[in-house]
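Hi,

Here is the structure I promised to pass on.

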Amino acid sequence: PRQVGRMMPKVLEFLGSGIVGSDYLDAIVDNAFELETLEALARALSSSGFMIQFSQLRESGSFAEEIASRLGQGSWKASNARINVCPFIPLTGYSWESYLSELGSSQRYNFQRRLKGLEKTGEFRLAEATAADCLGALDVLIELHHKRWGTRSELSEAFQNENITAFHREFVQVAADRGWLRLLSLWIADRPVAALYGLRYGGTFSFYQSGFDPEFAKKSVGLVMMGLAIKSAIEEGAAEYDFLHGDEEYKFHWTQKSKELRRVELFPPRARGFLYRHAISANRAARRLARRMLIRA
């Protein structure tokens with residue numbers, strides 16, 4: 001919908017856009033009908049008159065880029081920008097031991113030392129949720145996620161309202177039933193200390209969210225949780241471990257490779273598109289200025 005305060009016009013975008021945190025958005029099209037679909041969708045969008053915003057696109061080869069090219073032939077204006085990165089680990093051909101051997105020595109030593117420290121408690125275990133207990137495991141993850149972010153000044157976008165939480169409760173059951181869900185948790189005795197919410201789809205293990213108990217931060221339970229999730233992905237034969245969007249430092253302790261995420265914006269011809277472009281430019285300039293002022297303060 002139109003956002004008057006942010007000078008944003010009504011925008012057409014993909015389902016999954018926004019704060020839920022989806023990556024690699026695109027059209028889902030039967031290969032046999034790709035050309036027909038492209039032409040029909042380009043015609044429909046061209047006649048809509050709305051601004052179009054395709055976000056979280058793969059760095060190349062997206063259907064959305066093909067649509068942008070078609071509309072550009074009809075005097076639409078387009079902007080294409082890099083908006084984020086997705087760090088990832090290629091896993092094909094690796095065992096857990098060979099992967100560890102290629103990590104930096106400090107990261108490898110830190111992980112192994114922290115894992116041994118937890119194992120010495122004698123009551124340490126790793127659990128993976130099943131279809132029967134996935135909702136309870138999700139509740140554990142959400143509680144640990146809120147505990148983690150409750151100790152920090154920045155805010156997490158995950159699980160921030162009841163609608164988003166309800167969506168995940170519905171989705172994890174579907175994902176578990178279909179064999180996609182990878183919801184892992186670390187326990188000391190009967191107490192959960194860290195959890196990780198991931199998905200295995202095709203050859204990729206995707207890391208979505210995590211959480212840990214700040215009381216166990218000195219034991220680096222978040223670090224151990226991530227390492228054991230990567231180990232699990234390797235052992236089940238995944239070809240890739242994808243950290244999804246975000247250039248957080250901890251992700252690059254595990255890999256140096258990343259993919260770009262891009263945004264394509266399309267503006268209709270004539271005055272309407274001109275106004276949209278300038279309104280959005282002004283909005284983004286104001287937000288950059290506000291961020292700089294907050295940093296200085």
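Start with Ala81: its bridge partner in E9 is Arg263. That pair belongs to the pairing of strand E3 (residues 77-90) with strand E9 (residues 257-267), which is antiparallel and runs over 11 bridges. Bear in mind throughout that this is a predicted model.

Zooming out, the sheet that holds these two is an open one of 9 strands, with mixed pairing and the order E1-E2-E9-E3-E8-E7-E6-E5-E4. Strand E1 (11-13) and strand E4 (124-128) are the edges: each has a single partner strand, so one side of each has no neighbour in the sheet. From one strand to the next, the twist averages 25°. In general, strands in a sheet pair through backbone hydrogen bonds, in either the parallel or the antiparallel sense.

For the chain as a whole, the tally is 8 helices and 9 strands. Of its 297 residues, 42% are buried. If you take the contacts between residues at least 6 apart in sequence, 75% of them join residues at least 24 apart.

Now for E7, which has a pairing of each sense. Strand E6 (residues 191-201) runs antiparallel to E7, and 8 bridges join the two. Within that pairing, Ala194 sits opposite Phe212 of E7. E6 and E7 form a hairpin with 2 residues between them, and Gly202 in the turn has a positive phi of about 65°. With strand E8 (residues 240-242), on the other hand, E7 runs parallel, joined by 3 bridges. Here Ser206 is opposite Asp242 in E8. And how much of E7 is buried? Strand E7 (residues 204-212) is mostly covered, with 8 of its 9 residues buried.

On to the helices. Helix H2 (residues 63-72) lies across strand E2 (51-58), E3 and E9, and runs at about 145° to E2. H2 also packs with helix H1 (residues 34-48), at an angle of about 55° and with the axes 9 Å apart. That angle makes H1 oblique to H2. The crossing of H1 past H2 is right-handed. On the H1 side, the residues that meet H2 are Glu34, Leu35, Thr37, Leu38, Glu39, Leu41, Ala42, Leu45 and Ser46, and on the H2 side they are Phe63, Glu66, Ile67, Arg70 and Leu71. Sorted by class, this contact of H1 with H2 has 8 nonpolar, 2 polar and 4 charged residues.

There is another helix pair to look at. Helix H5 (residues 134-150) packs with helix H6 (residues 162-177) at an angle of about 135°, and their axes are 9 Å apart. H5 and H6 are therefore oblique to each other. H5 passes H6 in a right-handed crossing. H5 brings Cys134, Leu135, Leu138, Asp139 and Ile142 to the contact, while H6 brings Thr165, His168, Arg169, Val172, Gln173 and Ala176. By class, the contact of H5 with H6 has 6 nonpolar, 3 polar and 2 charged residues.

Most residues other than glycine have a negative phi. Which way does Ala189 go, positive or negative? Ala189 has a positive phi of about 60°, although it is not a glycine. You will find Ala189 in the loop between strand E5 (181-188) and E6. With a relative accessibility of 30%, Ala189 counts as partly exposed.

Ser220 is another non-glycine with a positive phi, about 55° in this case. Ser220 lies in the loop between E7 and H7. Is Ser220 buried or exposed? Ser220 is buried, because its relative accessible area is 16% and the cut-off for buried is under 20%.

Last one: Glu235, which sits in helix H7 (residues 221-235). Its relative accessibility is 56%, so Glu235 counts as exposed. Glu235 and Trp96 are 139 residues apart along the chain, with 7.4 Å between their C-alpha atoms.

Cheers

Technical notes. Residues are numbered from 1 along each chain as its sequence is written. This is a predicted model: local features need pLDDT of at least 70, side-chain atom pairs count only at pLDDT 80 or more; totals for chains, interfaces and linings use all residues. Side-chain values use heavy atoms; hydrogens and water are left out. Two strands pair if DSSP finds at least two bridges between them. Helices (H or I, at least four residues) and strands (E, at least two) are DSSP runs, numbered from the N terminus. Axes are lines fitted to C-alpha atoms, for helices over the stretch in contact, and angles run from 0 to 180 degrees between N-to-C directions. Contact means heavy atoms within 4.5 Å. Angles under 35 degrees count as roughly parallel, over 145 as roughly antiparallel, 65 to 115 as roughly perpendicular and the rest as oblique. A crossing is left-handed if the near helix is turned anticlockwise from the far one by less than a right angle, and right-handed if clockwise. Ala, Val, Leu, Ile, Met, Phe, Trp, Tyr, Cys and Pro count as nonpolar, Asp, Glu, Lys and Arg as charged, and the others, Gly among them, as polar. Buried means under 20% relative accessible area, exposed over 50%, partly exposed in between (1.4 Å probe, protein chains only).
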